[in-house]
Amino acid sequence: MTPERRPDFDARARDYDTLRPPDDAWWARFEALVELGALRGQRILDVGCGTGRLAAALATEARAKVWGVDGSEEMVSIARATVPAGVGIRQAMADSLPFRDSWFDRVTMSLVIHLVDRGAALAEARRVVAAAGRAAIATFHEDHFETYWLCPYFPSIRDIDRARFPTQSALEADLVTAGFPRVETRRIVAETTLTRAEALRRIAGRHISTFDLLPVEEIEEGEARAGRDLPAEIVIRLDQLVIVGRSA
Ligand SMILES: C[S@@+](CC[C@H](N)C(=O)[O-])C[C@H]1O[C@@H](n2cnc3c(N)ncnc32)[C@H](O)[C@@H]1O
């Protein structure tokens, strides 16, 4: 039997921030999370915090009291070294959070919901937020994978990611089931322009975790084709969703 392939976030931790720098799309997502999630000044747990960028921005830009957890030891080690003083970082899984019931006002999850057991993770989020708590989730809209800039070079990305990422309606329903009955959603389409050199650097660095799930031959062929065919500038369209569930 073929073992299930899973993305290796330990391996991509060191270069994560340079291969995926915060751009206009990142900040548009951040603003929507803060606004819909009413995150300003709150006690927030950022689940799947990665290198801690969202946790850090919530602390500095939204004046929140923030903790971050991530399952990857390497991500946690980078987050600990980079977040501002006062932001707490722990290694923990989304479905087993090492915090007391109702300890937070808000839970955030940015580009994580496709990697977790959604029922278990959202139930844990509900457990750790207070009575009037919210879960604020950033992910991609299901149409994102129809136009994603890498798909012409790595065609399996479309089906792999359509299977991994929940649709808007599935995620809204999951939030209701988990105990967040009032759901609000915002779709954010943002464009960023990459130079050819930057685009090739991202491919070489396997900057998205889907690379770990592609056949090796497809990666080799796609990388060679991108090297030949990518234009001088590439407009990248990110079709993002921010979905916030309120417990009351
Ligand atoms: C695509 S990265 C997103 C990181 C960060 N939230 C961001 O927006 O840049 C996904 C992160 O989720 C973490 N992760 C995946 N599954 C997890 C789980 N079950 N529990 C906790 N963290 C998890 C990975 O280690 C990785 O750091």
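Biologist: So axes are lines fitted to C-alpha atoms, for helices over the stretch in contact, and angles run from 0 to 180 degrees between N-to-C directions. At what angle do helix α3 and helix α4 pack?

Modeller: This is a predicted model. In it, α3 (residues 24-37) and α4 (residues 53-61) pack at an angle of about 60°. Their axes are 12 Å apart.

Biologist: Why is α3 called oblique to α4?

Modeller: Because the angle is about 60°, α3 counts as oblique to α4. The range for roughly perpendicular is 65 to 115 degrees.

Biologist: Is the crossing of α3 and α4 left-handed or right-handed?

Modeller: Right-handed.

Biologist: What about α6 and α9, how do their axes cross?

Modeller: Helix α6 covers residues 118-128 and helix α9 covers residues 168-178. Their axes cross at roughly 50° and come within 9 Å. That makes α6 oblique to α9. The crossing in which α6 passes α9 is right-handed.

Biologist: New topic, the ligand. How many residues surround the ligand, and which are the closest?

Modeller: There are 18 residues around the ligand. The closest are Gly48, Asp70, Gly71, Ala94 and Ser110.

Biologist: How do the residues of that shell divide into nonpolar, polar and charged?

Modeller: Eleven are nonpolar, five are polar and two are charged.

Biologist: Which polar backbone atoms lie by a nitrogen atom of the ligand?

Modeller: A polar backbone atom of Ala94 is 2.9 Å from a nitrogen atom of the ligand. For Gly71, a polar backbone atom is 3.1 Å from a ligand nitrogen.

Biologist: And which residue has a polar side-chain atom 3.2 Å from an oxygen atom of the ligand?

Modeller: That is Tyr16.

Biologist: How much of the ligand's accessible area does the protein cover?

Modeller: On its own, the ligand has 600 Å² of accessible area, and the protein covers 93% of that.

Terms used:
Residues numbered from 1 in each chain as written. Predicted model: local features only at pLDDT ≥ 70, side-chain atom pairs only at ≥ 80, totals over all residues. Heavy atoms only, no water. Near = heavy atom within 4 Å. Polar contact = N/O pair within 3.5 Å; in protein donor to acceptor, adjacent residues only side chain to side chain. Areas by Shrake-Rupley, 256 points an atom, 1.4 Å probe, with all protein chains shown as cover. Nonpolar A, V, L, I, M, F, W, Y, C, P; charged D, E, K, R; others polar. Helix = DSSP H or I, 4+ residues; strand = E, 2+ residues; numbered from the N terminus. Parallel < 35°, antiparallel > 145°, perpendicular 65-115°, else oblique. Left-handed = near helix turned anticlockwise from the far one by under 90°.
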